[in-house]
Amino acid sequence: MKRSLAAMIFTGFCFAQTGPEATLSGRITDAATHQPIEGAQISYRGGPGGKPSSVMSDAGGAYSIRLPASQRAGLAISKTGYSTLDLRS
């Protein structure tokens, strides 16, 4: 049986002072134990004209990913042994 991921977004979107990008930061934890999950992949699929990108969570479950500020973000969070969390815009 696969376990569930929980995404806790601490800062939400923080729009950059220069350029059309935003930063999304947060922490990935196990939904049952609330322990951080290292190595979870956070992927941005990109919208029209947007480039897909991804980052991995660190040992504390933390991540930070740059996204286009002018587009709605579709994110997927995944790790082997866990159900994929699909966050559609």
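The legends below accompany several close-up views of a predicted protein model.

Residues are numbered from 1 along each chain as its sequence is written. Because this is a predicted model, local features need pLDDT of at least 70 and side-chain atom pairs count only at pLDDT 80 or more, while totals for chains, interfaces and linings use all residues, and side-chain values rest on heavy atoms, with hydrogens and water left out.

**View 1**
The protein has zero helices and seven strands, where helices (H or I, at least four residues) and strands (E, at least two) are DSSP runs numbered from the N terminus. Read along the sequence, the pattern is β-β-β-β-β-β-β. Of the 89 residues, 28% count as buried, a word that here means under 20% relative accessible area, whereas exposed means over 50% and partly exposed lies in between (1.4 Å probe, protein chains only). The protein exposes about 5400 Å², and carbon and sulfur atoms supply 54% of that area; accessible areas come from the Shrake-Rupley method with a 1.4 Å probe, and for residues only the protein chains shown count as cover. Among contacts (heavy atoms within 4.5 Å) between residues at least 6 apart in sequence, 49% join residues at least 24 apart.

The average pLDDT, which is the predictor's confidence in each residue from 0 to 100, is 76 for the protein, and 70% of the residues score at least 70. Over residues 8–18 pLDDT stays under 50, and for this stretch the model has 27 contacts beyond four places in sequence.

**View 1. Strand β2 lies beside strand β5.**
Strand β2 (residues 21–30) is largely enclosed by the rest of the structure, because eight of its 10 residues are buried. Seven bridges join β2 to strand β5 (residues 62–68), and the two run antiparallel; strands are said to pair if DSSP finds at least two bridges between them. Within this pairing, L24 has I65 of β5 as its bridge partner.

**View 2. Strand β3 is joined to both β4 and β6.**
Strand β3 (residues 41–44) runs antiparallel to strand β4 (residues 53–56), with four bridges joining them, and Q41 stands opposite M56 in β4. Four bridges also join β3 to strand β6 (residues 75–78), again in an antiparallel arrangement, and here the bridge partner of S43 is A76 in β6.

**View 3. Twelve residues form the largest nonpolar core.**
A nonpolar core is a set of buried Ala, Val, Leu, Ile, Met, Phe, Trp, Tyr and Cys residues joined through side-chain atoms within 4.5 Å. The largest one has 12 residues in all, namely L24, I28, I37, A40, I42, Y44, Y63, I65, L67, L75, I77 and Y82. Strands β2, β3, β5 and β6 each supply at least two residues of this core, and β5 gives the most, with three residues. One member of the core, L75, touches L24, S43, Y44, R45, L85, D86 and L87, not counting residues up to four places away in sequence. Another member, Y44, is found in strand β3 and counts as buried because its relative accessibility is 2%. Y44 and R88 are 44 residues apart in sequence, and their C-alpha atoms are 9.9 Å apart in space.

**View 4. S57 sits in the loop between β4 and β5.**
S57 has 5% relative accessibility and therefore counts as buried. The side chain of S57 reaches the backbone oxygen of I37 at 2.6 Å. Not counting residues up to four places away in sequence, S57 touches I28, I37, E38, G39, A40, I42, A62 and Y63.

**View 5. G39 and H34 belong to the loop between β2 and β3.**
G39 is partly exposed, with a relative accessible area of 22%, and it touches M56, S57, D58 and K79, not counting residues up to four places away in sequence. G39 and G60 are 21 residues apart in sequence and 9.7 Å apart in space, C-alpha to C-alpha. H34, by comparison, is exposed, with a relative accessible area of 54%, and has a positive phi of about 65 degrees although it is not a glycine.

Definitions and conventions: A polar contact is a pair of N or O atoms within 3.5 Å; within protein, one must be able to donate a hydrogen and the other to accept it, and residues adjacent in sequence count only if both atoms are side-chain atoms.
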